[in-house]
Amino acid sequence: MTLLHHIGKYALLLKRAFARPEKHKVYYIRLIREMEILGLNSVGIVVIISFFMGAVITIQTAYNTENPLFPTYLIGLAARDSILLEFSSTIVALILAGKVGSNIASELGTMRVTEQIDALEIMGVNSAGYLILPKILGLMILAPFLSALSMIVGLFGGWISGTAAGVISTPDYIYGIQFAFIPFYITYSLIKSVIFAFIITTVSSYHGYYTSGGALEVGRSSTLAVVHSSVVILLFNLILTHVMLS
Amino acid sequence: MIEVRDINKSFEDLHVLKDVSVNFQQGKTNLIIGKSGSGKTVLLKCIVGLLEVDSGDIFYSEQCFTSMNNKEKKQIRQKFGMLFQGAALFDSLTVEENVRFKLDMFTRMTESEKTARVNFCLSRVNLENKNLLLPSELSGGMKKRVAIARAIVLNPRYLFCDEPNSGLDPQTAILIDRLIKDITEEFNMTTIVNTHDLNSVMEIGDKVVFIHEGSKWWEGTSKEILESDNTELNNFVFATSLVRQLKKQDDI
Ligand SMILES: Nc1ncnc2c1ncn2[C@@H]1O[C@H](COP(=O)(O)OP(=O)(O)OP(=O)(O)O)[C@@H](O)[C@H]1O
Ligand SMILES: [Mg+2]
């Protein structure tokens with residue numbers, strides 16, 4: 001019952017967010033700004049996470065397959081598939097849910113409790129459209145780039161750690177990450193990242209926009225935003241994997 | 001003109017507004033006075049539609065606001081100017097961007113026209129050369145003044161001010177009061193001001209509505225206040241000794 005209530009309210013908010021903008025130029029400027037805040041400012045964390053993820057996956061695969069019959073280049077292949085299929089989209093999305101989700105919810109929550117959202121409404125501005133739409137589009141546009149960046153950095157991290165630990169040679173690694181390569185995996189991952197960006201921004205906006213009370217509730221909304229975005233991402237990850245890869 | 005007809009508003013068990021009916025006249029500064037917690041802000045928010053009334057109607061120049069759809073509400077709101085009790089400036093935008101906001105959103109002015117208009121409005125609230133500051137860098141009173149500049153930037157037809165001069169020094173308070181009265185007359189606006197400042201009541205109150213515990217207790221002009229024999233109103237008005245003395249002098 002309450003879940004249905006939330007889903008309905010969420011859908012209505014989205015409907016308002018996607019209403020026709022009052023003035024395209026103002027929204028365009030907002031979009032550019034959100035792309036910077038949500039997307040570009042996340043490049044650093046994506047790079048760090050991806051590098052270490054790639055590094056760890058490669059070494060772990062190596063240690064788990066210490067078998068003379070197992071050609072070492074397969075370590076490269078296994079690392080590549082893990083990075084492409086799961087890590088560069090799902091794990092990066094979970095990290096972004098933490099960073100971007102809490103950012104969005106606390107920003108909108110503060111605007112709500114300090115009556116800035118009311119001030120927008122009173123001016124005759126569609127506050128949901130003005131505040132939320134640029135966030136949704138901004139992250140959806142940049143998410144595939146972040147995901148692609150994560151793939152590249154992840155594979156690089158795997159190479160550095162694999163060769164440094166002496167578990168795989170450079171030629172083997174290069175051969176391995178090209179071996180039996182399925183280009184669709186990249187498409188699959190990029191599509192997932194766009195959908196996850198939509199989930200993060202909309203779920204967090206929902207929690208922020210409907211904050212009521214004071215500073216304490218803003219904190220609560222921001223926690224809920226992260227938790228709920230993460231859960232929904234994991235759920236959709238399961239569904240998308242089933243739909244797209246089976 | 002704004003007409004409020006029999007509105008009621010409750011928050012769960014708390015019945016805040018009880019059958020309030022009142023007319024606010026065009027070209028006049030209409031004041032809503034009352035003790036803290038009497039329901040002034042709630043009344044103002046019901047009038048502008050930020051809170052939904054439980055029953056009753058609100059009319060803007062004979063148009064029923066309560067039965068309008070969202071699109072019609074949005075349209076009429078473009079003629080609103082509102083000052084919130086807590087200023088409610090957009091805290092990611094500078095002073096200038098705050099005041100410009102409606103110009104960017106709703107007009108086709110050129111950049112230089114916008115800048116000129118912004119500077120003019122800021123000068124009317126005595127805030128020059130603060131254009132590039134962020135709201136977090138302003139004092140409470142300065143925020144209020146920026147919020148007033150933002151509210152009047154498009155010459156609204158309806159102006160709503162919730163405690164425009166709380167937190168301001170007496171000199172600035174008078175300046176703001178005069179500004180509100182002047183622009184109201186100049187542009188023939190319908191202005192509603194919430195206040196518990198008796199200076200403002202005497203200075204600018206063309207029409208005064210006294211709210212007591214969520215009901216309209218009394219209405220009249222600022223002159224009639226001193227002569228009224230309504231107990232609650234007298235308790236409210238004559239709470240300060242200065243006004244009591246004024247009343248005595250009047251009586252002699
Ligand atoms: N959103 C809300 N939810 C529940 N109760 C509320 C809400 N807003 C106001 N109230 C209650 O309504 C009553 C009137 O509040 P209101 O803010 O209108 O007072 P006020 O006359 O503006 O006072 P002040 O002069 O201090 O601003 C108070 O008892 C308050 O607790
Ligand atoms: Mg109030």
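How many residues of the shell around ligand 1 are nonpolar, how many polar and how many charged?

Reply: The shell around ligand 1 divides into 4 nonpolar, 7 polar and 3 charged residues, where Ala, Val, Leu, Ile, Met, Phe, Trp, Tyr, Cys and Pro count as nonpolar, Asp, Glu, Lys and Arg as charged, and the others, Gly among them, as polar. This is a predicted model, in which local features need pLDDT of at least 70 and side-chain atom pairs count only at pLDDT 80 or more, while totals for chains, interfaces and linings use all residues. Residues are numbered from 1 along each chain as its sequence is written, chains are lettered from A and ligands numbered from 1 in the order in which they are written, and side-chain values use heavy atoms, with hydrogens and water left out.

A residue is near a molecule if one of its heavy atoms lies within 4 Å of it. There are 14 residues around ligand 1, and those that come nearest are B:Ser36, B:Gly37, B:Lys40, B:Thr41 and B:Gln85. Some side chains can be followed to particular atoms of the ligand, and here a polar contact is a pair of N or O atoms within 3.5 Å (within protein, one must be able to donate a hydrogen and the other to accept it, and residues adjacent in sequence count only if both atoms are side-chain atoms). B:Lys40 places a polar side-chain atom 2.8 Å from an oxygen atom of ligand 1, and an N or O atom in the side chain of B:Gln85 is 2.9 Å from an oxygen atom of the ligand. For B:Glu163, the distance from a polar side-chain atom to an oxygen atom of ligand 1 is 3.3 Å. On its own, ligand 1 has 630 Å² of accessible area, and the protein covers 62% of that; such areas come from the Shrake-Rupley method with a 1.4 Å probe, and for residues only the protein chains shown count as cover. Helices (H or I, at least four residues) and strands (E, at least two) are DSSP runs, numbered from the N terminus.

Strand β2 of chain B also holds B:Asp19, a residue other than glycine whose phi has a positive value, near 45°. Most residues other than glycine have a negative phi, and most peptide bonds are trans. Phi is likewise positive and near 45° in B:Glu213, which is found in the loop between β9 (207–212) and β10 (215–220) of chain B.

B:Glu213 counts as exposed because its relative accessibility is 55%. Helix α3 (residues 95–106) of chain B is largely enclosed by the rest of the structure, because 9 of its 12 residues are buried. Among the buried residues of α3(B) are B:Val95, B:Phe101, B:Leu103 and B:Met105. Their cover includes α2 (24–39), α5 (116–122) and α6 (127–164) of chain A, together with β6 (80–83), α4 (111–124) and α5 (140–152) of chain B.

This brings us to the meeting of the two chains, where 25 residues of chain B are in contact with 20 residues of chain A, contact meaning heavy atoms within 4.5 Å. The two chains bury about 1,900 Å² between them, 61% of it on carbon and sulfur atoms. In chain B, the residues that lose the most area to chain A are B:Lys74, B:Phe90 and B:Met105, together 29% of what that side buries. Buried area is the accessible area (1.4 Å probe) that two parts lose on being put together, summed over both.

Chain A itself has 9 helices and 0 strands, and 48% of its 246 residues count as buried. One of its loops, between α8 (184–209) and α9 (215–245), holds A:Thr211, which counts as buried because its relative accessible area is 5%. The side chain of A:Thr211 reaches the backbone oxygen of A:His207 at 3.1 Å and makes a polar contact of 2.9 Å with the side chain of A:Ser221. A:Ser222, in helix α9 of chain A, is buried as well, because its relative accessibility is 13%; leaving out residues up to four places away in sequence, A:Ser222 touches A:Ser102, A:Ala105 and A:Ser106.

Definitions and conventions: Buried < 20%, exposed > 50% of the residue type's maximum accessible area, 1.4 Å probe, protein only.
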